[in-house]
Amino acid sequence: MKIGQKVQVYRLRDRVSKDILNKLGQQGTVKDFKMTDGSGIGAVVQFTDKTAVWFFEDELKPVK
């Protein structure tokens, strides 16, 4: 995964707010990366409504 790549949110690991739950199935663009607690890396995804949310990499899949 790299910055500028189009991705789709295809699953959510944890319980999340309704706003984030509504992102499930939506496509967005990777804008940045974020270190998670531990050794994981998350991706900050910006959607067409200009909101940005970070997700674990295994919650996203590339859009072809």
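So, what order do the 5 strands of the open sheet have? Quick reminder before I answer: this is a predicted model. The order is 4-3-2-1-5, and the pairing is antiparallel. On average, neighbouring strands are turned by 50° against each other, ignoring direction.

Let's zoom in on one pairing. Strand 2, residues 27-35, and strand 3, residues 41-46, run antiparallel and are joined by 6 bridges. If you want a spot to look at, find lysine 34: glycine 42 in strand 3 stands opposite.

Now, glutamine 5. You'll find this residue in the segment before strand 1. Its side chain reaches the backbone nitrogen of lysine 2 at 3.0 Å. Setting aside neighbours within four places in sequence, glutamine 5 touches Gly28, Thr29, Val30 and Pro62. And valine 45, 40 residues apart from glutamine 5 along the chain, has its C-alpha 9.4 Å from that of glutamine 5.

On to the rings. We've got 2 aromatic pairs. In one, phenylalanine 47 and phenylalanine 55 have ring centres 6.2 Å apart and planes at 85°, so that's edge-to-face. Both of those phenylalanines are buried. Tryptophan 54 and phenylalanine 56 are edge-to-face too, at 5.1 Å between centres and 75° between planes. Here tryptophan 54 is partly exposed, at 33% relative accessible area, while phenylalanine 56 is buried at 15%.

There are charges over rings as well: arginine 13 lies over the face of phenylalanine 56, 3.8 Å from the ring centre, and lysine 23 lies over the face of phenylalanine 47, at 4.8 Å.

Methods:
Residues numbered from 1 in each chain as written. Predicted model: local features only at pLDDT ≥ 70, side-chain atom pairs only at ≥ 80, totals over all residues. Heavy atoms only, no water. Pairing = 2+ DSSP bridges. Helix = DSSP H or I, 4+ residues; strand = E, 2+ residues; numbered from the N terminus. Axes fitted to C-alpha atoms, helices over the stretch in contact; angles between N-to-C directions. Contact = heavy atoms within 4.5 Å. Polar contact = N/O pair within 3.5 Å; in protein donor to acceptor, adjacent residues only side chain to side chain. Phe/Tyr/Trp six-rings, centres within 6.5 Å; stacked < 30°, edge-to-face > 60°. Buried < 20%, exposed > 50% of the residue type's maximum accessible area, 1.4 Å probe, protein only. Lys NZ or Arg CZ within 6 Å of the ring centre and 35° of its normal.
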